[in-house]
Amino acid sequence: MDNRSGMPRRKPVPQPQQQLSENWAQDLTAQFRRTLSTKRMNDLSRRPASQRRAPSSLATEFFVDRSASAQTPPAPSRQAPPVPGVPHLEAQTPMTPPPSYNASLKNIPIVPTAPTDSRSLRFRSMLMSLSNTPCKWENPGLLDEALGVIPLERIYNAAQEESDLFEAEAASLGKKPAWGYQDCVIRALMKWFRREFFEWVNNPKCTACHAPTVAKGMAAPLSDESARGASRVELYQCSNQYCQSYERFPRYNDAFVLLQTRRGRVGEWANCFTMLCRAIGSRVRWVWNAEDHVWTEVYSVHRKRWVHVDCCEEAWDAPLLYTQGWRKKLSYCIAFSADGCADVTRRYVRDSNCAVRRNKCSEGDLIHILREIKAMRRKDMDKKEKFRLMSEDTREDEEFRRNVIESLALTISRILPGGDAATKGSQRSDPDAQKAAEARQEAELLRARGVRGAPNQRQQ
Ligand SMILES: [Zn+2]
């Protein structure tokens, strides 16, 4: 609430973290109880006796979207295991049945379990392998080299200018600036990267005559392509009948090779950009999404939290871009960094209707796998550093719980008499939806301006 009025009206507007007061929670509980009781009575009186269930199961059922079919996919892991010493938000209302976000997730803490079946083990080895991506960037020599391609002076000047603006705006309102200088550096870097540095490629143009090309399948990598780490090469043929040259498009996944090729699709974009954020001194995460997308998270020291960054879309702190902007349904969003990993799905999926069923392994298995990776990354750290990272993990988990509560509150406010569901004004009162809409508008605006290299198709 604090940040709302102090937020400069520009770019994808950052989402203020709502502080939930105790009264608010109590009011909500009371409202929830009343509605639940009425609803339960209505349901019971409508049903034939043979179908009546025990009241305890109805409490959970209340939160299931009735418009959806019986196969409604369960929400992603909404339930984090209780962290000792951390105030449990749901615990504020012990008398109420804690509202389950989805029927599939009862209020039972998930216990980490070692994966044993082949499907879970396959997922484990895939996550293990993905988790190496950010480690490949931890090479000081290469990072220095990467710094060499960035027009540092321009980026720093632009960042200073924007940071001054944030400060002036904040000072006039007596608030903390929305973003710090280092955040502005990343924002400036992203603009340069997308508008000038990297090129989006669907079908590469013919290098001989610049005519469009037609896909001809895959080709075996040549020795120099293999040497630079391309395991896949796409083959294209020029559509000009007098030329018909072949064009190769090796898919490199070495960020340092990408500094030279400077082209690709989502994978190449996120890989190279995230490495450059690292080179410029930020802590970074590379976020893998099971629905064929990848993006970046940068740690904002100013905000003390991880911030979503999608360089393909020039989106900053717009985590609902995918579910609300693109209307995409997501299952897993896993963030990998050089010092850990996290299931960050709850940052990107706030509505169970936008969740795809997570069936690559059990939730307990996933927790176990992520803990394994985290332990591996932190095994050589000193105790102090480990403790600092653990507190950071805990803070992030609280952020995710807040997301779930806010999302529940919104659902309830829609169901309640006079709520948005009745007035059809749900979009107006949903700040997340508003933010996604703004991000969408901005992306359309940039595209309309014909920004160079604007990705227009989401190809992996
Ligand atoms: Zn040609």
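When I say that one residue covers or touches another, I mean contact: two residues are in contact if their C-beta atoms, placed from the backbone, lie within 7 Å. Please keep in mind that this is a predicted model.

First, the overall picture. The protein has 15 helices and 11 strands. Of its 460 residues, 32% count as buried. Take the contacts between residues at least 6 apart in sequence: 68% of these join residues at least 24 apart.

Now the helix. Helix α3 covers residues 118–130. Which residues of α3 are buried? They are Ser120, Phe123, Arg124 and Leu127. Looking down the axis of α3, these buried residues fall within an arc of 105°, and therefore they line one face of the helix.

Next, the core. The largest nonpolar core has 69 residues, and those touching the most other members are Leu189, Cys272 and Leu276. The element that gives the most to this core is helix α9, residues 266–279, with 9 residues. Take Cys272: setting aside neighbours within four places in sequence, Cys272 is in contact with Phe198, Ala255, Leu258 and Leu259.

Last, the strands. Strand β7 runs over residues 293–300 and is mostly covered, with 6 of its 8 residues buried. How is β7 paired with strand β6, residues 284–289? The two run antiparallel, joined by 6 bridges, and Val287 has Trp295 in β7 as its bridge partner. β6 and β7 form a hairpin with 3 residues between them, and in the turn Asp292 has a positive phi of about 70°.

β7 also pairs with strand β8, residues 305–310, in the antiparallel sense, over 5 bridges. Here Glu297 stands opposite His308 in β8. The hairpin of β7 and β8 has 4 residues between the strands, and Lys304 takes a positive phi near 55°.

Terms used
Residues are numbered from 1 along each chain as its sequence is written. This is a predicted model: local features need pLDDT of at least 70, side-chain atom pairs count only at pLDDT 80 or more; totals for chains, interfaces and linings use all residues. The expected span of a helix is 1.5 Å times one less than its number of residues. A residue is buried if 20 or more other C-beta atoms lie within 10 Å of its own, exposed if 12 or fewer, and partly exposed in between; C-beta atoms are placed from the backbone. The arc is that of the directions from the helix axis to the C-beta atoms. A nonpolar core is a set of buried Ala, Val, Leu, Ile, Met, Phe, Trp, Tyr and Cys residues joined through C-beta atoms within 7 Å. Two strands pair if DSSP finds at least two bridges between them.
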